[in-house]
Amino acid sequence: MRRDAGEVRQKGDAGHAIDAGGLRAGPGSAIGAPSMNSAAIEHPNPAMPAVVLEFTAGMSFAERHRLALRDVADAVHLWRLAWMLGWFDIRLRYRGSMLGPFWLTLSTGVMIGMLGVLYSALFHLSVREYLPYLAVSQILWLFLSTIVSEACTCFTLVEAVIRSIRMPFMLHALRNVVRNLLVLAHNVVVIVIVYAGFGLWPGMSLLLTIPALLLWFIDAVAVTLLLGMFCARFRDIPPIVGSLMQIFFFVTPILWKPEQLGHFAAYLPLNPFYVLLEILRGPLIGAPPPLGVWLAASIYSLLLCMGAWLLFVRARGRLAFWI
Amino acid sequence: MSTAPRGIVVGHAGAPARIDVCDVSVSFPLYHGNSRSLKKTVIAAASGRLGQDRSHRVVVQALRDVSFSLVSGDRLGLIGSNGAGKTTLLRTLAGIYEPVVGRVRMQGSINALLDPNLGMNPELTGRENIRLRGLYNGLGSAQLRRLEEDVQAFAELGDFLSLPLRIYSSGMVVRLGFALATAIRPQILLMDEWFLAGDSDFMEKARERLEDMVRGAEILVLSSHQADVVRDWCNRVLWMRDGRVIADGESGEILERYLGHPVPTKEVTGTTRPRNEPPLP
């Protein structure tokens with residue numbers, strides 16, 4: 001039967017070559033497509049570099065690893081798409097409103113103003129002492145908790161796309177991170193206003209926010225991948241994550257200060273959210289964290305990234321079947 | 001019919017397209033109620049029932065032992081009833097599903113027309129949707145500009161391109177979706193049958209563009225219920241049933257066995273077969 005098909009193919013080719021209007025038979029036909037082929041490629045497509053796609057069942061770890069790395073590399077090439085998707089997500093959320101995404105800034109600002117006054121009274125602290133601390137803590141926590149909760153739906157929400165085109169899965173994770181970084185950028189305005197209002201300046205320790213932000217970015221991508229995959233497979237995880245984050249909000253020093261805990265403060269580094277928060281909050285409030293906090297944050301991040309990567313290498317090929 | 005180059009050609013001119021599918025099986029685990037739940041899985045693992053759970057997992061075999069090779073110039077039609085595995089095969093070729101058994105090798109740029117509204121968002125403007133689709137296909141900025149011009153010229157939406165899709169008429173949405181899908185010209189074209197549906201007025205115009213794209217592709221894999229389309233466009237047919245290939249060969253012969261009678265030869269009109277096509281044997 002194969003041979004039949006081959007003969008038909010040849011017959012077909014001959015026919016098309018004669019009338020020059022039939023189906024193009026290959027890179028030699030007379031329709032002018034080949035010339036167009038070479039002329040039109042001004043930019044070789046970065047999304048499909050070698051344009052060879054190969055899958056073998058029962059792949060070894062090394063092969064899966066290679067495919068996972070390629071997934072990441074392809075996603076990096078598509079950074080403009082990730083950026084655009086994240087930006088459209090925000091714009092559509094506030095579509096038709098006068099302030100647009102600055103509603104985020106406004107609502108965060110109002111909340112922090114109210115909480116700041118209330119809790120400074122409750123804790124017997126001066127507003128000047130408490131409000132800047134609360135503004136930084138609350139806004140950073142908002143980023144952490146939204147990243148985690150939205151990570152759960154980062155693959156399940158784009159089911160239609162995953163089923164209709166081969167896209168690097170990392171792209172969907174990046175979209176989640178980009179979107180939340182944009183929200184963070186809008187909220188940072190509140191911090192700037194509070195600091196300007198009280199005439200505060202954190203000083204040179206501000207430079208330490210650069211490595212901290214870098215670590216946050218890596219962790220955000222890792223946690224999105226990890227939870228996104230878990231939640232695609234097990235649908236009861238999102239509510240569990242939701243309630244855990246609620247608990248962490250209260251046991252992490254966000255509304256209260258670590259000093260208020262007395263000698264229990266020594267146990268705080270057991271909370272990964274605390275150390276991660278501290279490496280970015282410390283420099284912002286002019287109190288850079290000790291090296292130990294950085295060390296703990298690096299260890300937690302390393303574990304998180306390793307876990308996320310191992311799962312990604314193992315489950316990437318199955319993800320399309322899960323959603 | 002020497003038309004100016006249309007669309008955006010993707011892929012490497014040097015390497016000829018090729019598809020090798022070798023003993024491929026794809027199965028879907030059915031994660032219904034129980035196994036979707038982490039609680040049940042943890043409890044099962046804790047009580048040592050995970051193995052049993054795994055062996056009792058319900059699996060749907062969507063493709064079984066499928067093998068074929070296609071080289072530049074091949075036009076393959078996939079026929080078979082609903083649920084025969086045609087779409088799964090297309091998705092496997094597109095790299096969306098990775099096979100659990102066997103080997104798939106695709107050489108050449110791929111465009112899979114599986115979802116007419118891929119990545120389209122009704123709240124975004126036509127122009128933004130064009131940009132998004134271009135980025136989904138990994139186009140560079142020069143190609144994005146060409147894509148916009150190309151789609152604009154074909155879809156004839158005029159000023160509507162700056163308005164959100166939700167205010168478009170359904171016909172306009174179809175035009176935009178079709179223009180976008182056919183703008184990107186790959187080496188390997190994978191096409192699901194939805195693509196041939198559409199109101200006849202539009203299809204008159206659409207067909208020429210579609211044929212142009214099909215002609216430009218080195219390899220076509222088309223899944224369709226319409227025997228006449230398969231006969232006209234394909235030189236080889238794979239007949240599938242329950243995920244298996246039950247016949248593979250020259251299109252006229254297989255179609256005749258599939259239908260139980262020869263494909264009725266319709267009057268040659270623009271809507272049923274490509275123009276200038278020689279009569280098939």
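Trainee: Is B:Cys22 buried, partly exposed or exposed?

Mentor: This is a predicted model, so the accessibility is computed from predicted coordinates. Buried would require under 20% relative accessible area, and exposed over 50%. B:Cys22 has 37% relative accessibility, so the residue counts as partly exposed.

Trainee: How many disulfides are there over all chains?

Mentor: A disulfide is a covalent bond between the sulfur atoms of two cysteines. The cut-off for counting one is a pair of cysteine sulfur atoms within 2.5 Å. By this rule the count over all chains is 0.

Trainee: Which cysteine has the sulfur closest to that of A:Cys152, and how far away is it?

Mentor: A:Cys152 is itself buried, with a relative accessible area of 3%. A bond would need the two sulfurs within 2.5 Å. The closest cysteine sulfur is too far for a bond; it belongs to A:Cys231, at 3.3 Å.

Trainee: Which strand of chain A pairs with strand E5 of chain B?

Mentor: E5(B) covers residues 101–107, and the pairing with chain A is antiparallel over 5 bridges. Within E5(B), B:Arg103 is the bridge partner of A:Thr56. The strand of chain A is E1, residues 52–56.

Trainee: Which residue in E5(B) stands opposite B:Val21?

Mentor: Strand E2 of chain B, residues 18–29, pairs with E5(B) in the antiparallel sense over 6 bridges. In E5(B), the residue opposite B:Val21 is B:Val104.

Trainee: Which residues does B:Thr88 touch, leaving aside those up to four places away in sequence?

Mentor: B:Thr88 lies in helix H4 of chain B, residues 86–93. B:Thr88 is buried, at 13% relative accessible area. With those sequence neighbours left out, B:Thr88 touches B:Val26, B:Phe28, B:Ala62, B:Leu63 and B:Tyr97.

Key: Residues numbered from 1 in each chain as written. Chains lettered and ligands numbered in written order. Predicted model: local features only at pLDDT ≥ 70, side-chain atom pairs only at ≥ 80, totals over all residues. Heavy atoms only, no water. Helix = DSSP H or I, 4+ residues; strand = E, 2+ residues; numbered from the N terminus. Buried < 20%, exposed > 50% of the residue type's maximum accessible area, 1.4 Å probe, protein only. Contact = heavy atoms within 4.5 Å. Pairing = 2+ DSSP bridges.
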